[in-house]
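Subject: Structure for your review

Dear colleague,

Please find the structure below, followed by an account of what was found in it. I would be grateful if you read the account with the structure open beside it.

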Amino acid sequence: MFQLEFMCNAWVASTFIALTCGVIGVFVIARNLSFLAHTLSEIGFAGASFGVFTGLAPLDGMLLFTMISAVAVGEMSTEQSRREAAIAAISSLFMGLGILFLSLANKSASYATNILFGSIIGISVGEVWQLVGLSLFMLAVMFFAYRYLAFDSFDGIGARVQHLPKHLLSVLFLLLLAISVSISAQIVGSLLVFVLLTLPASSARYLVHTVPRMLLVSVGLALVGVWGGLALGYYTNWPVTFFIATIEVVVYLATLLYARVTQGD
Amino acid sequence: MNMAQPLIQVHDLAQSFADRTIFSHVNFSIPQGAMVSLVGANGSGKTTLTRILLGILKPTSGTVQTDGGGHLTVGYVPQFRNLDRDYPLSVRSFVQLNQIARPWPWHTAAEKRALTHILTETRLTGLAKTPLGMTSGGEKQRAYLAQALVNDPRLLILDEPTASLDVAVKHELIGLVRELNQKQGLTVLFVTHDLPMAREYTDRYLLLQGGQMTTGPASALRDDLIAD
């Protein structure tokens, strides 16, 4: 299958997507931001259709929309209790905008399907390089903020007492999340980015108990999902995203079962 | 350790929110190496004063002077931390979170030594690899204590850490802190409404009542001092 250029592109892109989502997912779960991760992918859909409407590349449209709304959500909802409502409001608005831009751009429904469910055929070499660059940038920022993000995410109360700049960390994290969502949506689709951002990290929590190990396991499980999904998709002609989602869900259920058996609850 | 030199000196501190005065004309000092209790009924302003000492809240008026004048590293054990049974980090990883002198993932040999040392001091070595969510209430409190102490703070503030613990565990925890205080000269502020505990484990008391502060030796704390 590696004789086909689009498959090579898809493998490189998926590998970096798994790396990015596996790493950021650990913090998404620790910060209880699954709902926001899901919302950002819907916003990514709106951004991509905005890109189509205005002639921007879909990825640039997604980056624009997700980064603006990540900051907006961060500013609107410093209190946990207000966050859900703020996210729900922003999510509804952007889904509506996504449909509007698609209709204004006069593109066919299959284009919307590509954005929502992902496509391995659509990604060009140029887009792969942009994706790899963004992914490396995100990982570099994570590296230089690692201990602060880990402390704030896994023990917010302790981090406040140590005078960590919580607001700044929160906005930084949301921006990194926005980038991760945008680059991942191209292959796995904006509806299922959520799968890679939450399930590998959720599984990792049950298997290992230090932050670095969780990162390793989460990235590993994300890689198993995307590589397995690509291979199965290639040989069966069924959608890659279907296989990725199924693999991650099966792994998650298996780790839940493992946790029940080993911890006896 | 110079016992005469105060670590913290508070002058004429006052705090009010809107038109409600929490306390005013508060003066006290905490000597280096002392273990001092901050007592008072619920709502007397203990938490507010703690937040000022932590630097989270700016007082309405008055000053807090620290020894050396600069920023004081403070370890803090909070009253509540809602970690559920699924909390994934091991005790060791949880304590390590507070080692934030460098940003990147790997820790230096000195940091690892400090971590091992504090786990030993707080008798957590055997539990180091256990997920914190699976430990008992008293063990969790010891982990919070270890995390607060892992970067060697000059002041430790315990904010009613015993409120939800049973009697034996309560004494074990505060006894351990007292041991660290006497053995290593750790300065401690123990915020509590438990007068017998304050009398047994601290040198001096600070009492907040009716917006005023009085102080004295802990042995002079009488149970009828606080009208609930």
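Arg123(B) is placed in the loop that joins H3 to helix H4 (137-149) of chain B. Helices and strands here are DSSP runs, with at least four residues of type H or I for a helix and at least two of type E for a strand, numbered from the N terminus. The model is a predicted one, in which local features need pLDDT of at least 70 and side-chain atom pairs count only at pLDDT 80 or more, while totals for chains, interfaces and linings use all residues. Residues are numbered from 1 along each chain as its sequence is written, chains are lettered from A and ligands numbered from 1 in the order in which they are written, and side-chain values use heavy atoms, with hydrogens and water left out.

Most residues other than glycine have a negative phi. Arg123(B), although not a glycine, has a positive phi of about 55°. Its relative accessibility is 42%, so Arg123(B) counts as partly exposed. The classes are as follows: buried means under 20% relative accessible area, exposed means over 50%, and partly exposed lies in between, with a 1.4 Å probe and protein chains only.

His25(B) also has a positive phi, near 50°, and is a residue other than glycine. His25(B) is found in strand E2 (residues 20-31) of chain B, and with a relative accessible area of 52% it is exposed.

A further positive phi, near 85°, belongs to Gly55(B), which follows H1(B). Helix H1 (residues 46-54) of chain B has seven of its nine residues buried, so it is largely enclosed by the rest of the structure. The buried residues of H1(B) include Leu49(B), Ile52(B), Leu53(B) and Leu54(B), and also Lys46(B).

Chain A contains 12 helices and zero strands, whereas chain B has six helices and nine strands. For chain B, the radius of gyration is 18 Å, close to the 17 Å that the globule rule gives for 228 residues, so chain B is as compact as a globular protein of that length. This radius is taken over C-alpha atoms, and the globule rule is 2.2 Å times the number of residues to the power 0.38. For chain A, with 265 residues, a compact globule would have a radius of gyration near 18 Å, and the value of 18 Å agrees.

Along the principal axes, the C-alpha atoms fill a box of roughly 50 × 40 × 35 Å in chain A and one of roughly 45 × 40 × 35 Å in chain B. Buried residues make up 55% of the 265 residues in chain A and 55% of the 228 residues in chain B.

The accessible surface, computed by the Shrake-Rupley method with a 1.4 Å probe, is about 11100 Å² for chain A, and carbon and sulfur atoms account for 69% of it. For chain B it is about 10300 Å², with 51% belonging to carbon and sulfur atoms.

A contact means heavy atoms within 4.5 Å. Among contacts between residues at least 6 apart in sequence, those joining residues at least 24 apart make up 76% in chain A and 69% in chain B.

**Helix H7 of chain A and its surroundings**

How do H7 and H9 of chain A cross, and at roughly what angle? The axes of helix H7 (residues 146-154) and helix H9 (residues 166-188) of chain A come within 11 Å and cross at roughly 100°. Because 65 to 115 degrees counts as roughly perpendicular, H7(A) is roughly perpendicular to H9(A). Tyr148(A), Leu149(A) and Asp152(A) of H7(A) make the contact with Lys166(A), Leu169(A) and Phe173(A) of H9(A). These residues divide into four nonpolar, no polar and two charged.

Eight of the nine residues of H7(A) are buried, and the helix is mostly covered. Among them are Tyr146(A), Arg147(A), Phe151(A) and Ser153(A).

Chain B also touches this region. Pro103(B), in the loop between helix H2 (91-96) and helix H3 (109-121) of chain B, touches Tyr146(A), Arg147(A) and Tyr148(A), among others. At 14% relative accessibility, Pro103(B) counts as buried.

Yours sincerely

How values were computed:
Axes are lines fitted to C-alpha atoms, for helices over the stretch in contact, and angles run from 0 to 180 degrees between N-to-C directions. Angles under 35 degrees count as roughly parallel, over 145 as roughly antiparallel, 65 to 115 as roughly perpendicular and the rest as oblique. Ala, Val, Leu, Ile, Met, Phe, Trp, Tyr, Cys and Pro count as nonpolar, Asp, Glu, Lys and Arg as charged, and the others, Gly among them, as polar. Lists of a residue's contacts leave out its neighbours within four places in sequence.
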